Amino acid sequence: MEDIKTLKAIQLDALREVANIGAGHAATALSTMTGGTIMISVPRINIAALEEVPTQISAPEEPVAAVLMNMLGDLTGRTLLVFPKPTAIRMAELMLRRPKGTFHDLGDLEQSAIKEAGNILSGAYMNALSDFMGLMLLPSPPSLAVDMSAAVLTTAHLQFGDDRDFVFCVESEFYMKDLGEHLRGFFLLLPDVASLQAILRAVRLA
């Protein structure tokens, strides 16, 4: 799978454009849900081995909230939307239209809000990829894991196996215009082997 490392800048730009389209759709949906203007940008996208990803997101022992969805249809694999835990708590407040500082942990209500945010964001990114490739993608219902960064991603790695270890990592920056706040999250696309090759072919033809 070393050919994944040979993607040129212009091909990564094509992937970034796909991510930007997804981010735009997600921003519209989140703005409607929260009642405020949310803008989402994609400052960075890269491809890395899964074991390298935790250090890109946070310190390995830092707690994160990760929304996991299975990707079904013409492309298969998993997606993870990862927030540092304080960011997840703030996102829950926004989703539930509560003032900053209302929540101090992720109870059932807050977890439900984070899963819905993950459903919107991951679904938007997957729809953009689906449109780009002309293939059908069906996301599963979301599940949530709250644990240390390394533990969450190690679990994902174990579920995949040794031959599925490359990840598309999309850094997503959220700007709440009305509040003047910035938040950061990471969308991880973990395709299986056949789907990874299909994505690489599509990007090289872009």
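How many aromatic pairs does the structure hold? The count comes to two aromatic pairs in this predicted model. The structure also holds seven salt bridges, and Arg90, Glu93, Lys100 and Glu181 are linked in a network of such bridges. Helix α3 (residues 85-95) is largely enclosed by the rest of the structure, because nine of its eleven residues are buried.

**Aromatic pairing**

- A pair of aromatic rings is described by the distance of the centres and the angle of the planes.
- One of the two aromatic pairs is formed by Phe83 and Phe174, with 5.8 Å from centre to centre and 55° between the planes, a tilted arrangement.
- Phe83 belongs to strand β3 (residues 77-84) and Phe174 to strand β6 (residues 166-176), so this pair ties together parts that are 91 residues apart in sequence.
- Phe83 and Phe174 are both buried.

**Helix α3 and its surroundings**

- The buried residues of α3 are Thr87, Ala88, Ile89, Arg90, Met91, Ala92, Glu93, Leu94 and Met95.
- These buried residues pack against α1 (9-34), β2 (63-73), β3, α4, β6 and β7.
- Arg97, with a positive phi near 55°, follows α3.

**Salt bridge between Lys85 and Asp105**

- Side chains of opposite charge can pair when their charged atoms come close.
- Lys85 and Asp105 form a salt bridge in which the closest N and O atoms are 3.0 Å apart.
- Lys85 lies in helix α3 and Asp105 in the loop between α3 and α4 (108-133), so the bridge ties together parts that are 20 residues apart in sequence.
- Lys85 is partly exposed, at a relative accessible area of 21%, which lies just outside the buried class because that class requires a value under 20%.
- Asp105 is likewise partly exposed, with a relative accessible area of 43%.

- Glu181 and Arg90 meet through their side chains in a salt bridge, at 2.7 Å from N to O.
- Glu181 is part of strand β7 (residues 181-191) and Arg90 part of helix α3, so the pair ties together parts that are 91 residues apart in sequence.
- Both partners, Glu181 and Arg90, are buried, and the relative accessible area of Glu181 is 14%.
- A salt bridge also joins the side chains of Lys100 and Glu181, at 3.9 Å from N to O.
- This second pair links distant parts of the chain, as Lys100 is in the loop between α3 and α4 and Glu181 is in strand β7, 81 residues apart.
- The 3.9 Å separation of Lys100 and Glu181 qualifies because the cut-off for a salt bridge is 4 Å.
- Lys100 counts as exposed, at 61% relative accessibility, whereas Glu181 is buried.
- The network that includes Arg90, Lys100 and Glu181 also takes in Glu93, one of the buried residues of α3.

**Ser172 in strand β6**

- Ser172 lies in strand β6 and counts as buried, at 1% relative accessibility.
- The side chains of Ser172 and Tyr125 make a polar contact of 2.7 Å.
- With neighbours within four places in sequence left aside, Ser172 is in contact with Ile40, Ser41, Tyr125, Leu183, Arg184 and Gly185.

Methods:
Residues numbered from 1 in each chain as written. Predicted model: local features only at pLDDT ≥ 70, side-chain atom pairs only at ≥ 80, totals over all residues. Heavy atoms only, no water. Helix = DSSP H or I, 4+ residues; strand = E, 2+ residues; numbered from the N terminus. Buried < 20%, exposed > 50% of the residue type's maximum accessible area, 1.4 Å probe, protein only. Phe/Tyr/Trp six-rings, centres within 6.5 Å; stacked < 30°, edge-to-face > 60°. Polar contact = N/O pair within 3.5 Å; in protein donor to acceptor, adjacent residues only side chain to side chain. Contact = heavy atoms within 4.5 Å.
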